[in-house]
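Visitor: Could you take me on a close look at a single part of this protein? I would like to follow one residue and see what surrounds it.

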Amino acid sequence: MAECLAIRWGIDLAVEHGFGQCEIETDCLSVAQILRREEKVMIEEGVLCEDLRDHLSNMGLIQVGFSGRNNNKAAHLMAHTACGWEETEVWVARPPIFLVSHLLADFCNIFTT
């Protein structure tokens with residue numbers, strides 16, 4: 001459920017900032033599989049995923065990708081760090097300095113995996 005809610009929040013944020021077509025990548029294989037399916041899913045997460053699929057199609061988003069945590073250490077670090085925050089922070093143009101080295105390492109992993 002947490003992954004579905006995070007994706008939904010990300011979609012709303014993308015729309016709010018005027019992003020058109022986007023690509024969603026998740027480290028939750030089951031959510032990625034549900035979002036890529038055409039049939040309805042009859043589980044609690046499925047109801048939220050159905051809503052997400054509607055939002056994705058309204059945005060013109062076609063791709064939902066899966067990448068394990070080892071390929072996206074920056075997102076994993078950010079999730080753990082944000083757990084202790086009381087307010088939401090959004091970085092559109094520049095990431096926080098503590099995250100830059102992890103983002104660069106993840107970017108390099110794209111070309112080595």
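Visitor: Leaving aside its neighbours within four places in sequence, which residues is threonine 26 in contact with?

Guide: Happy to show you! Please keep in mind that this is a predicted model. Once the neighbours within four places in sequence are left aside, threonine 26 is in contact with Glu3, Ile7, Ala32, Gly65, Phe66 and Ser67. You will find threonine 26 in strand E1. Its relative accessible area is 1%, so threonine 26 counts as buried, the cut-off being under 20%.

Now look at its polar partners. The side chain of threonine 26 makes a polar contact with the side chain of glutamate 3, at 2.4 Å. A polar atom of the threonine 26 side chain also lies 3.0 Å from the backbone nitrogen of cysteine 28.

Next, follow one of the contacts, Ile7. Ile7, Ile11 and Leu35 touch the most other members of the largest nonpolar core, which has 15 residues. Helices H1 (2-16), H2 (29-36) and H3 (44-59) each supply at least two residues of this core, and H3 gives the most, with five. In soluble globular proteins, nonpolar side chains tend to be buried together. Leucine 35 has its own set of contacts beyond four places in sequence: Ile7, Cys49, Leu52, Arg53, Leu56 and Val64.

For a contrast, turn to phenylalanine 19, in the loop between helix H1 and strand E1. With a relative accessible area of 45%, phenylalanine 19 is partly exposed. Together with Trp9, Val90 and Val92, Phe19 forms a nonpolar patch on the surface, with about 380 Å² of accessible area in total.

Technical notes:
Residues are numbered from 1 along each chain as its sequence is written. This is a predicted model: local features need pLDDT of at least 70, side-chain atom pairs count only at pLDDT 80 or more; totals for chains, interfaces and linings use all residues. Side-chain values use heavy atoms; hydrogens and water are left out. Patches are made of residues with over 30% relative accessible area and no salt bridge: like charges are joined within 9 Å, nonpolar side chains (Val, Leu, Ile, Met, Phe, Trp, Tyr) within 5 Å. Accessible areas come from the Shrake-Rupley method with a 1.4 Å probe; for residues, only the protein chains shown count as cover. A salt bridge is a side-chain nitrogen of Lys or Arg within 4 Å of a carboxyl oxygen of Asp or Glu. Helices (H or I, at least four residues) and strands (E, at least two) are DSSP runs, numbered from the N terminus. Buried means under 20% relative accessible area, exposed over 50%, partly exposed in between (1.4 Å probe, protein chains only). A polar contact is a pair of N or O atoms within 3.5 Å; within protein, one must be able to donate a hydrogen and the other to accept it, and residues adjacent in sequence count only if both atoms are side-chain atoms. Contact means heavy atoms within 4.5 Å. A nonpolar core is a set of buried Ala, Val, Leu, Ile, Met, Phe, Trp, Tyr and Cys residues joined through side-chain atoms within 4.5 Å.
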